[in-house]
Amino acid sequence: MGGARGAVGGYWSAGVARVAGGGGQWRGAGEASPPPGSRLGATAGAHRPPRLLPPRPAEEVAKPEQGQVVTPWDVAGGADGAIDYDKITKEFGCSLISDALIERIEKCTGVRAHHFLRRGIFFAHRELEKIVEAHEQGKKFYLYTGRGPSSEALHLGHLVPFMFTKWLQDAFKCPLVIQLTDDEKCLWRDLKYEEALRLARENARDIIACGFDPEKTFIFSDFEYMGGPFYVNVNKIAGLVTFNQARGIFGFDGSANIGKIGFPAVQAAPAFPDSFPHMFGTNKKLRCLIPCAIDQDPYFRMTRDVAPRCGYVKCSLIESRFFPALQGESGKMSASDTTSAVFVTDTPKQIKSKINKYAFSGGQATVEEHREKGANLAVDVPWKYLNFFMEDDERLQQIGREYESGQMLTGEIKAALIEVLQGICKTHQENRAAVTDEVLQRFMTPRQMDNLWG
Ligand code: TRP
């Protein structure tokens, strides 16, 4: 399951979606009034009708020539390799996050919105307003996210949902559960049980390094934690979804092993609070907000469908775009291809040489031509990465303006990016080194937690 944070077809069809101060409601690429320095080009991949979910035999999944495909296991853009996010949002039936909703979040938390929100990286949602409303009324909720531990090496894209979840936890002062789906990876990736469990623990160290609060955060491996109330919920959910429905939602066919067909119930169950009695007791009415990349949406569509039928509130979602490979829109990021991504373990030297050698550039072939025509931000990977990781809005806008006008050269924007990424990786490596076995054990032990809110 490469999906979101893993193998990725493409992503922004334009430069920056939303930079602070841009003003006006964001209407998606191609329609918005672009903020200075941005370039909102035509919506990509619009020439063919998209082939999204369901129902589709599994063999047909991810043949980009057939049009855009987004499932939890496959992400492929349309004819030109780019992902059309407006189309996914419509097909999935989620909503775009409006500026008004972001303002409401800022108001009720008293915290400035994270730049992933301000810039439209987390761009879609399901019933996020219900969470905001609950918070405004002093009611509680919890966060749920996860990772499939398929590789030891995490790349920068893997950190995106966790960085954002950390911000949510701090802003809303709320508890968080993190599911490590080692069982899923055994089924899909043919991993041995021991190896999947080892990877889950190694990945947990990287997740902890993002700064989660040990008093409010529970990280669990499915292999270790499933049993008791969590498994009761898995069983309830599994009993309410037919094979025909699962095939419709996920595209399974008759050749899928039965573990895969049953797995969605495992990813659904943490959205039910009484899966965690050591945190939430037997409370069935506590709301749940799930930050995730949009390829995970099918799981939670299913979860929302069954929730009321077993006495729970439907979970809310806040969903992100995909993080692009170094090679750009249609490139695939893969943990086995070290030139496709910057890994959190990379040295400053490796980062520098990867960006300089492999980051796809929207700059022109010669300096003269570049000065004259400027860069095409819509395809420029350094520009996209800066939108993810440069926090300073003003500097970002300035770089966008200068690079697009040809005043700034490719080497210069790459130098700015290298500096930012070297800083992020260095900090991450230091934080990870501080995650001792004891710290890891603490996060992963089901324990009485008395300070979950506030
Ligand atoms: N299936 C996800 C992956 O492969 C992992 C996951 C489990 C997850 N539960 C989640 C992701 C909840 C987001 C939210 O990466």
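1. A residue is called buried here when its relative accessible area is under 20%, exposed when over 50%, and partly exposed in between, with a 1.4 Å probe and protein chains only. This is a predicted model, in which local features need pLDDT of at least 70 and side-chain atom pairs count only at pLDDT 80 or more, whereas totals for chains, interfaces and linings use all residues. Residues are numbered from 1 along each chain as its sequence is written, and side-chain values use heavy atoms, leaving out hydrogens and water.

2. In helix 4 (residues 128–136) the buried residues are Leu128, Ile131, Val132 and Ala134, helices being DSSP runs of H or I with at least four residues and strands runs of E with at least two, numbered from the N terminus. Viewed down the axis of helix 4, these residues fall within an arc of 160 degrees, taken from the directions from the helix axis to the C-beta atoms, so they line one face of the helix. They pack against helix 2 (99–109), strand 4, strand 5, strand 8 (287–293) and strand 9 (316–320), contact meaning heavy atoms within 4.5 Å. Just after helix 4, Gly138 has a positive phi of about 75 degrees.

3. Seven strands form an open sheet with mixed pairing, in the order 3-4-9-8-5-6-7, where two strands pair if DSSP finds at least two bridges between them. Its edge strands, each pairing on one side only, are strand 3 (95–96) and strand 7 (217–221). Strand 3 runs antiparallel to strand 4 (residues 122–126), joined to it by two bridges, and Ser95 has His125 in strand 4 as its bridge partner.
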